[in-house]
Amino acid sequence: NGDGNAVFEQNVGIGGSPNGEATDKVLEIVAGASDNCRIKFSDGSARAMIFAGTDDIMKFYTGGATRALTLDASQNANFAGTINSGTITVTGDVIPSGSVNASNGSAASPSIRFATDGNTGFFRAGTDNIGISLNGTSKVTFGSTIDFYQQVAMNDNRIALGAGSASAPSLTFQTGADYNTGMYRTQADHIAFTTDGVKRTE
């Protein structure tokens with residue numbers, strides 16, 4: 001037209017064989033039904049395509065009919081495969097509708113960590129075990145037992161336990177599940193020892 005723009009009333013195909021078949025075109029722009037349109041890149045067999053419709057959704061296809069990416073009007077992106085990137089920076093919250101699968105990681109490089117502290121976080125310490133790493137060193141693992149790897153400091157260098165009782169002492173033993181043998185608090189400034197759920201001395 002007069003303003004220097006090219007306006008086509010029909011579909012456009014660029015390149016390809018003399019017979020002009022769509023599958024042979026290098027670039028094809030098609031206006032489909034209900035204002036749906038597509039831009040298709042082709043070498044005669046493998047194709048990549050961008051599709052847009054009246055639902056305000058853009059769909060990116062590879063290999064013909066394989067959808068790789070969908071973008072909607074709410075700025076949501078749906079990836080069909082794996083995102084290969086060294087770092088993905090997200091501004092705002094990440095709210096997955098499914099699971100988040102992280103690599104195993106290690107104490108030195110935990111798989112769930114902090115942007116400014118890469119050697120502190122969570123890692124898989126073994127089958128059904130989660131580890132907590134600080135400064136690249138494993139400090140605690142959680143599994144069938146909770147294992148601390150150095151002196152534990154809690155509450156101003158104290159470990160605060162519940163009072164317990166003769167049948168369920170607050171300090172007891174994991175081995176043999178001997179949970180009714182140990183130490184507990186009876187009252188202020190008093191400690192009692194229990195075995196088999198019976199107080200023996202205080």
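Here are a few friendly notes on the predicted model above.

1. Ground rules. This is a predicted model, in which local features need pLDDT of at least 70 and side-chain atom pairs count only at pLDDT 80 or more, while totals for chains, interfaces and linings use all residues. Residues are numbered from 1 along each chain as its sequence is written, and side-chain values use heavy atoms, with hydrogens and water left out.

2. Overall make-up. The protein chain has 15 strands and zero helices (DSSP runs: E of at least two residues for strands, H or I of at least four for helices, numbered from the N terminus). Of its 202 residues, 15% are buried (under 20% relative accessible area, with a 1.4 Å probe and protein chains only; exposed is over 50%, and partly exposed lies in between).

3. Phe79. You will find Phe79 in strand S7, residues 77-79. Phe79 is partly exposed, at 43% relative accessible area.

4. Largest pocket. This pocket holds about 1200 Å³ of space (on a 1 Å grid over the protein atoms alone, an open set of points with protein on both sides within 12 Å along at least five of seven lines; lining residues have an atom within 4 Å of a point; the volume is the space filled by probe spheres set on the points, which are joined across faces, edges and corners). Its lining has 26 residues, with Ile88, Val90, Val94, Val100 and Asn101 nearest the centre. Strands S7 and S8 (112-114) each supply at least two lining residues.

Note on methods. 1 Å grid on protein atoms, 1.4 Å probe; cavity = no way out; pocket = protein on both sides within 12 Å on 5 of 7 lines; lining within 4 Å.
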